[in-house]
Amino acid sequence: MDTATLTGYEKEREKENGGESRSFSSEQDDESEEAEDDEFMYGAGTFTERKIEHYSSLHRMLLVGEGDFSFSLSLARAFTSARNMVATSLDTRQDIINKYSNGIWNVRELEELGCVVLCGVDATKMSEHFFLRTQRFDRIVYNFPHVGFIFPEATACQIKLNKGLVKGFLKNAKVLLRKDHKGEIHVTHKDGYPYEKWDLVKKAEKLGLALLESVPFCKDKYPGYDNKRAHGSLSDAPFRLGDCTTFKFRLVS
């Protein structure tokens, strides 16, 4: 495969910005920034709203930790457009090619639908990313956050690592959320032990986020979505979901 065809949006953006990142230092800057975002993401036209589960084509969306990007693509196909979406992964594009049978094709279809796809994005540092730091979102979604199986799933060390990932994500997502108290951060993970030990709701509350609601997650609501292990020799294989919940958070008023 010609890797020259796989250069990321991030490289183009860096070139346009002369390799520099923008920074903002006041509430006025944030308001101006959100107005610019509206123009960038929505454009000047009017659109017919399309919905799938909790999400609308009118939402400015950030998808985090996207594996083979099949969840993002499920939303984009339902919306018939992805121009209001940014989808990210910790993997590089070469990792996506190596790990997932359909990953790079999903990425290409997303980009054709107008999605900004960013690779090599750490969920615990994403608010510092040269592009993301200039954006604000209505919905920020992280499905099944996990650091990988460094230790057995139920051990204290593994739980501590996953708790750190969740905390880092929430801290960064809070920065990237729109400040009108209508934006939401969604985290989906399995129910029961040891996932309940991650203390997701308590961590969110300590960071100034309030639980809006928690609802059952049903994979069948998202046609084409394939949950992937993402780690190890079976990275392209699905993992058993069982009962799962989507937790929705908002900024504390």
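**View 1. Parallel pairing of strands E3 and E6 in the predicted model.** In this predicted model, strand E3 (residues 61-64) and strand E6 (residues 139-143) run parallel and are joined by 4 bridges. Within this pairing, Val 64 has Tyr 142 of E6 as its bridge partner. As background to this view, strands of a sheet pair through backbone hydrogen bonds, either parallel or antiparallel.

**View 2. The largest pocket and its lining.** The volume of the largest pocket is about 740 Å³, and 37 residues line this pocket, with Phe 144, His 146, Arg 229, Ala 230 and His 231 lying nearest its centre. Helix H3 (70-79), together with strands E6 and E7, makes up the set of elements that give two or more residues to the lining. By residue class, the lining of the largest pocket divides into 17 nonpolar, 9 polar and 11 charged residues.

**View 3. Backbone geometry at Pro 194 and Glu 53.** Tyr 193 and Pro 194 are joined by a cis peptide bond, with omega at about 5 degrees, and Pro 194 is found in the loop between E7 and helix H7 (200-206). Glu 53, although not a glycine, has a positive phi of about 55 degrees, and this residue is found in the loop between strand E1 (51-52) and strand E2 (55-56). For context, most residues other than glycine have a negative phi, and most peptide bonds are trans.

**View 4. Residues 1-44 and the confidence of the chain.** Over residues 1-44 the pLDDT stays under 50, and for this stretch the model has 69 contacts beyond four places in sequence. For the chain, the mean pLDDT is 85, and 81% of the residues reach 70 or more.

Definitions and conventions. Residues are numbered from 1 along each chain as its sequence is written. This is a predicted model: local features need pLDDT of at least 70, side-chain atom pairs count only at pLDDT 80 or more; totals for chains, interfaces and linings use all residues. Side-chain values use heavy atoms; hydrogens and water are left out. pLDDT is the predictor's confidence in each residue, from 0 to 100. Contact means heavy atoms within 4.5 Å. Two strands pair if DSSP finds at least two bridges between them. On a 1 Å grid over the protein atoms alone, a cavity is a set of points where a 1.4 Å probe fits but cannot get out, and a pocket is an open set with protein on both sides within 12 Å along at least five of seven lines; lining residues have an atom within 4 Å of a point. Grid points are joined across faces, edges and corners, and a volume is the space filled by probe spheres set on the points. Ala, Val, Leu, Ile, Met, Phe, Trp, Tyr, Cys and Pro count as nonpolar, Asp, Glu, Lys and Arg as charged, and the others, Gly among them, as polar.
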